[in-house]
Amino acid sequence: MIATRDGQNAYIDAFERFEKKVAAGDPAWLRRLRRDALARFADLGFPTMREEGWRHTNLAPLAEVAFHPALPGKNGISAGMLGSYLFGGRESCNLVFINGWYSPGLSTPGGFPSCAYAGSLAAALREKPDKIGEYLASAPGRESNAFVPLNTAFLSDGGFIFVPDGTRLNRTIHLVYLFAPGASPTAGFPRNLIVVGNGGEVTVVESYAGPAGGVYFTNAVTDVIAGDHSRVGHYRVQRESEEAFHVGSLNIDQAENAVVSSHSISLGGALTRNTIAATMNGEGGELTLNGLYFGRNRQHVDNHTSIIHARPHCSSRELYKGILDDRATGVFTGRIVVRPDAQKTNARQTNKNLLLSADALVNSTPQLEIFADDVKCTHGATIGRLSADALFYLRSRGIDEPDARSLLTYAFAGDILGMLGNKPLQCQLDLVLLAHMSRTEGMGAPS
Amino acid sequence: MLEIANLRVSVEGKEILHGIDLRIDAGEVHAIMGPNGSGKSTLANVLAGREGYLVTAGEVHFEGRNLLEMPPEDRARAGLFLGFQYPVEIPGVSNMYFLKAALNAIRRHRGLEELDAMDFLQLAKEKMKLMDMDESLINRAVNEGFSGGEKKRNEVFQMAVLEPRLAILDETDSGLDIDALRIVARGVNSLRGSERGILLVTHYQRLLNYIVPDRVHVLVDGRIVKTGGKELALELEEKGYGWVGDGAGIEHAAILREGALPA
């Protein structure tokens with residue numbers, strides 16, 4: 001506990017230096033927002049395993065380390081090093097952030113109507129602080145756990161995307177977060193704000209990566225505000241170093257007839273926690289939450305999702321698939337709340353897990369809280385191993401055992417990629433997944 | 001090519017095969033016939049290397065190598081092929097990817113260059129035509145949602161692509177209508193040759209009207225009780241399995257007329 005305090009104090013101690021160095025010129029409301037958030041974080045502290053929602057995730061390894069908030073500055077990353085981290089190459093609008101700070105030299109923004117905005121949050125804060133302040137104040141579910149206030153305390157940069165009413169942004173926007181850890185453990189606090197007006201349409205990819213062996217902490221928060229009849233495709237690809245800590249909070253606020261899909265792929269991180277809270281605040285909304293998590297060695301990956309059906313005639317579909325090898329551990333918690341008003345809700349939740357070793361472990365907990373009577377809600381969870389019949393079938397055709405296992409593992413993950421609804425992204429994630437798998441096993445890419 | 005000597009096999013502590021002797025030379029087609037539960041599929045599975053079978057005595061040599069010491073993939077690479085009685089559905093893995101990976105694993109083993117996607121597709125299309133298969137099946141997941149007949153044709157299609165030295169077909173005829181049976185037989189016959197051995201494991205004589213065997217063995221209660229030429233199959237059909245045994249331990253006097261036995 002004392003160690004945990006130390007870790008927590010490190011952020012509090014760092015705050016003043018941070019404020020002096022990068023936040024001195026910020027408007028008063030923003031400085032107050034940060035200070036309030038810091039106080040809230042100091043008050044809450046890191047969640048412990050006694051708390052509901054954290055019972056299977058031990059944060060001590062994260063809380064013990066005194067991470068220093070990363071400051072902007074030289075980082076030695078050049079455009080040539082970005083190659084494998086970009087999706088869609090020059091086709092997409094790439095906004096690159098190093099240690100959480102926007103890097104104009106590495107980014108390829110633009111290509112949108114002037115009424116739209118897709119750029120750095122820091123720039124937007126300078127250009128239209130009042131507007132951003134409004135969104136930050138109204139953003140949903142921010143106080144759910146200590147990580148959101150911690151992010152807010154150091155809030156300074158990230159992606160800000162604004163899609164005006166009736167506007168469709170054709171280029172995929174890719175928020176590329178790369179970590180270049182320094183001599184001491186550093187922490188980054190990306191803050192993304194995606195505001196889509198009525199009838200607006202946008203596709204956003206967030207990706208997080210860092211060099212192998214890097215010890216750092218990414219504490220990211222993304223707020224999605226989806227207006228009436230809007231369509232939002234959101235993707236999150238987490239390929240952090242396997243020594244890194246990654247905590248991501250995604251809040252989705254969905255208005256009438258909005259169609260939102262969010263796909264989360266978690267491959268890296270020593271400890272990963274994704275918290276997703278979606279609220280369907282308008283009638284006729286459609287939400288898809290899909291996820292794939294892949295843990296090995298001693299990785300721990302925790303996905304905690306919560307879908308609140310607040311209004312009638314909404315549908316949500318959720319499919320999370322987990323693959324756990326070696327001594328990796330996984331957690332899936334899927335909470336669905338149907339409020340009294342939300343008649344004719346249609347909610348479906350599925351969690352499937354594949355354990356590749358006898359030492360791997362997964363905890364899967366569906367939580368349905370239904371307060372309306374005319375609803376259709378289903379949920380199901382499975383935990384299984386590779387089929388011995390299928391393995392033998394492949395081997396009997398000449399495919400050796402490691403390749404047969406890879407092939408079946410890949411196939412298990414395949415339908416999540418197939419459901420991305422974005423062909424170029426699917427092809428690239430296909431390669432990412434195969435490359436990830438081939439780090440321990442020897443299978444080539446399919447052609 | 002294949003020499004089985006005094007092979008005894010147990011499953012879960014119960015002996016199923018009580019000493020099988022069988023020799024197949026290159027260029028020969030052998031048929032093993034027998035009633036349900038006689039050990040036909042056990043023999044096929046042991047030869048392919050399936051887990052769960054305990055060899056308690058005997059030896060199997062394939063092209064001079066000790067087959068029983070080889071993992072299943074090495075047997076396949078050495079040229080052994082098992083056509084499954086119940087082909088396995090593998091969601092998420094396309095037929096195309098699966099078979100190309102298998103063929104290239106075998107080609108690598110033989111010191112041949114791997115086929116690229118274009119060359120493989122050409123080969124696959126040619127063999128699908130032979131098997132009268134819809135080309136769309138190549139992009140579908142392995143056996144997923146295939147009808148019983150499509151699965152069996154897919155087995156023979158795989159065999160035609162992989163060109164094994166010894167093909168063991170485990171009840172490949174069961175569940176096929178007469179047209180599908182003809183197509184399957186055409187696929188198998190196209191592979192007959194002086195370099196290749198074929199072992200047909202079957203319930204019914206009817207397959208042997210289309211694939212005429214050189215030798216027929218009757219397996220009853222884990223023993224080969226009679227061996228003869230192709231005419232033995234016809235005789236069996238007429239007289240039933242009760243006829244071949246010496247009476248001892250043979251209780252499965254099966255009627256071999258089509259449809260009289262469960263598939």
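Student: How do strands E1 and E4 of chain B pair, and over how many bridges?
Tutor: In this predicted model, strand E1 of chain B, residues 2-11, pairs with strand E4 of chain B, residues 54-62, in the antiparallel sense over 7 bridges.

Student: Which residue of E4(B) is the bridge partner of Glu3(B)?
Tutor: The bridge partner of Glu3(B) is His61(B).

Student: What is the strand order of the open sheet in chain B?
Tutor: The order is E2-E1-E4-E5, which gives an open sheet of 4 strands with antiparallel pairing.

Student: And which strands stand at the edges?
Tutor: Strand E2 (14-24) and strand E5 (65-66) of chain B do. Each has a single partner strand, so one side of each is left without a neighbour in the sheet.

Student: Which helix lies across E1, E2 and E4 of chain B?
Tutor: That is helix H1 of chain B, residues 40-48, which runs at about 70° to E2(B).

Student: Let us move to the helices. At what angle do the axes of H3(B) and H5(B) cross?
Tutor: The axes cross at roughly 35° and come within 10 Å. The crossing of H3(B) past H5(B) is right-handed.

Student: Which residues make that contact between H3(B) and H5(B)?
Tutor: H3(B) contributes Leu99(B), Ala102(B), Leu103(B) and Ile106(B), while H5(B) contributes Gln158(B), Val161(B) and Leu162(B). By class, the residues of this contact are 6 nonpolar, 1 polar and no charged.

Student: Now the two chains. How many residues of each are in contact?
Tutor: On chain B there are 23 residues in contact with 20 residues of chain A.

Student: Which elements of chain B give two or more residues to that side?
Tutor: They are helix H2 (72-77), strand E7 (90-94), helix H3 (95-109) and helix H5 (148-162) of chain B. H3(B) gives the most, with 5 residues.

Student: What is the make-up of that side by class?
Tutor: The side of chain B that touches chain A has 17 nonpolar, 2 polar and 4 charged residues.

Student: Changing topic, what does the domain assignment give for chain A?
Tutor: It gives domain 1 (2-282) and domain 2 (388-447) of chain A. The centres of these domains, taken over C-alpha atoms, are separated by 31 Å.

Student: How many residues does the contact take from each domain?
Tutor: The contact takes 11 residues from domain 1 of chain A and 8 residues from domain 2 of chain A.

Student: Which strands of chain A supply the domain 1 side?
Tutor: Strand E9 (201-209), strand E11 (231-239) and strand E13 (259-266) of chain A each supply at least two residues. That side of domain 1 has 6 nonpolar, 5 polar and no charged residues.

Terms used:
Residues are numbered from 1 along each chain as its sequence is written. Chains are lettered from A and ligands numbered from 1 in the order in which they are written. This is a predicted model: local features need pLDDT of at least 70, side-chain atom pairs count only at pLDDT 80 or more; totals for chains, interfaces and linings use all residues. Two residues are in contact if their C-beta atoms, placed from the backbone, lie within 7 Å. Ala, Val, Leu, Ile, Met, Phe, Trp, Tyr, Cys and Pro count as nonpolar, Asp, Glu, Lys and Arg as charged, and the others, Gly among them, as polar. Domain bounds come from an automatic or database domain assignment. Two strands pair if DSSP finds at least two bridges between them. Axes are lines fitted to C-alpha atoms, for helices over the stretch in contact, and angles run from 0 to 180 degrees between N-to-C directions. A crossing is left-handed if the near helix is turned anticlockwise from the far one by less than a right angle, and right-handed if clockwise.
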